[in-house]
Amino acid sequence: MNTIKNKKNDIRAQYREKRLQLSPDVKKSLDAAICRAFVALATYRFNDTLLAYYPLEHEIDCRPIIEDALARGKKVALPRCTEKNGIMEFHYVKSL
């Protein structure tokens, strides 16, 4: 199992590095395209609850998705790590 976890961590690190190398304008454009594609998905449109994350600087900025979900009256839950070992609890939010 550690082999899979190590591989996932390696892949995450590789893609994090690639995202850090993007110019701010390119990152913003790509993030917006990802958000547009996501909100167009039937799976998103026909569900009433969204589990999301509040992005860090190097992550995809999914705040437009969260804002869209809230505007459509969907329930939105964001994680909060409660333990040093990374256990997350999701909490419903009403705004960003």
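This briefing covers side-chain contacts: aromatic rings, charges over rings and salt bridges. The model is predicted, so local features need pLDDT of at least 70 and side-chain atom pairs count only at pLDDT 80 or more, while totals for chains, interfaces and linings use all residues. Residues are numbered from 1 along each chain as its sequence is written, and side-chain values use heavy atoms, with hydrogens and water left out.

**Aromatic rings**
- The count is one aromatic pair (Phe, Tyr or Trp rings, the six-membered one for Trp, with centres within 6.5 Å; planes under 30 degrees apart are stacked, over 60 edge-to-face, the rest tilted).
- Phe38 and Tyr44 form a tilted pair, because their planes stand at 55 degrees, with ring centres 5.4 Å apart.
- Tyr44 is buried at 5% relative accessibility, whereas Phe38 is partly exposed at 30% (buried is under 20% relative accessible area, exposed over 50%, partly exposed in between; 1.4 Å probe, protein chains only).

**Charges over rings**
- Lys74 lies over the face of Tyr44, 4.6 Å from the ring centre (the rule asks for NZ of Lys or CZ of Arg within 6 Å of the centre and within 35 degrees of the ring normal).
- The charged end of Lys18 sits over the ring of Tyr15, at 5.4 Å from its centre.

**Salt bridges**
- There are three salt bridges (a side-chain nitrogen of Lys or Arg within 4 Å of a carboxyl oxygen of Asp or Glu).
- Lys27 and Asp31 meet at 2.5 Å, N to O; both are buried.
- Arg63 and Asp61 meet at 2.7 Å, N to O; Arg63 is partly exposed at 31%.
- Asp68 and Arg72 meet at 2.6 Å, N to O. Asp68 is partly exposed at 22%, and Arg72 is partly exposed at 46%.
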